[in-house]
Amino acid sequence: MQVLAWAMAGCAGLAGALAVARDPGARRARLLLARRKEEPWGPWGPAASARARALFAERREWVCAPVAALLAVLGESVLPLLAGAVAVPLVRRWLRRRARRREREKAADAVTALCGAVVGELRAGREPGQALLAAARYSGALGVGESAVLAAARFGGDVAGALREAAAGPGFDGLAGMAACWRVAVDGGAGLAAGLARLESALRGERRRREELRAQLAGAWSTVALLALLPVVGLGLGTALGADPLRVLLHSPGGIVCLVTGGLLEAAGLFWASRIVRAGEAV
């Protein structure tokens, strides 16, 4: 009887396990548990932190808002809120300009790498169209004109014209030289690999010149940043000495005049210094 009871209990347990396995709710629970095992910290795991970093990278200009709110609370005035409202679009514009410059440099580096890859494929014995298809598949150096260039290379179209159209994008100026090399090789029978090798060398030299110039101007940009932080340091020193500079600047007519005048002079100085440094970068 005891053996029969154990057998019946085992059969009941097996039937329950099968029923649970067929239950879609149990299946969803197992999937959720597996996902929790992959993300051990739940909503505060690596995926959530990555999403938070991406959101912060897209909305970094809104850091001005809490800073302005803190200054408004400390100074008991609405003027910092107004200044923060003005600073948000200005900072957004500056961040977008810097992002566009990085995208242009990234595109220029991709074009340089594409030239080198095409040269390697040509020297390995591939036809020009096949070499371009093999080199551009994973490079991302053709921008919005990638589909037109690849279609022309695949079906025997006007590759030089497609490359020239793709060169209109920001940072893809090197594709115009590539188009010229392609046109000369097709019309005159010149060696395409040799022309692209010289173009790659010229593009790499331009990149080295840009990096050297940026390294030389790093000290000038540090000076500009130091000038921008000097008023903040002065406010901190005044607060540490017990002078309460925020109340003087935000609650007295003379302080407001000094604040407006100093802010305009600070903005003009930063603009002029940045203009000088950018003129040096453009040389």
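Tutor: Start with arginine 204. At 35% relative accessibility, arginine 204 counts as partly exposed. The rule: buried means under 20% relative accessible area, exposed over 50%, partly exposed in between (1.4 Å probe, protein chains only).

Student: What should I know about the model and its numbering?

Tutor: The model is predicted: local features need pLDDT of at least 70, side-chain atom pairs count only at pLDDT 80 or more, and totals for chains, interfaces and linings use all residues. Residues are numbered from 1 along each chain as its sequence is written, and side-chain values use heavy atoms, with hydrogens and water left out.

Student: Why is glutamate 200 called buried?

Tutor: Its relative accessible area is 16%. The cut-off for buried is under 20%. Therefore glutamate 200 counts as buried.

Student: Which residues does glutamate 200 contact, beyond its neighbours within four places in sequence?

Tutor: Thr112, Cys115 and Gly116. Contact means heavy atoms within 4.5 Å.

Student: What makes glutamate 200 and arginine 204 a salt bridge?

Tutor: The definition asks for a side-chain nitrogen of Lys or Arg within 4 Å of a carboxyl oxygen of Asp or Glu. Here the N to O value is 3.1 Å. The pair passes, so the name salt bridge applies.

Student: Where do the two partners, glutamate 200 and arginine 204, lie?

Tutor: Both are in helix α10, 4 residues apart, about one turn of the helix. An α-helix has 3.6 residues a turn, so residues three or four places apart point the same way. Helices are DSSP runs (H or I, at least four residues; strands are E, at least two), numbered from the N terminus.

Student: How do you know that the span of α10 agrees with its residue count?

Tutor: The expected span is 1.5 Å times one less than the number of residues. For the 25 residues of α10 that gives 36 Å, and the end C-alpha atoms are 36 Å apart. The two values agree.

Student: What about aspartate 109 and arginine 210: what makes them a salt bridge?

Tutor: Their N to O value is 3.8 Å, and the limit is 4 Å. Aspartate 109 lies in helix α5 (residues 79-123) and arginine 210 in helix α10, so the bridge ties together parts that are 101 residues apart in sequence. Aspartate 109 is partly exposed at 26%, and arginine 210 is partly exposed at 24%.

Student: How many salt bridges are there by this rule?

Tutor: The count comes to 10. Another one of them joins glutamate 121 and arginine 126, with the closest N and O atoms 2.6 Å apart.

Student: Why is leucine 70 called exposed?

Tutor: Its relative accessible area is 52%. Exposed means over 50%. So leucine 70 qualifies. It lies in helix α4 (residues 64-75).

Student: What makes Val63, Val67, Leu70, Leu71 and Leu74 a patch?

Tutor: Patches take residues with over 30% relative accessible area and no salt bridge; like charges are joined within 9 Å, nonpolar side chains (Val, Leu, Ile, Met, Phe, Trp, Tyr) within 5 Å. These five form a nonpolar patch on the surface, with about 430 Å² of accessible area together. Areas come from the Shrake-Rupley method with a 1.4 Å probe; for residues, only the protein chains shown count as cover.

Student: How many helices and strands does the protein have?

Tutor: 13 helices and 0 strands.
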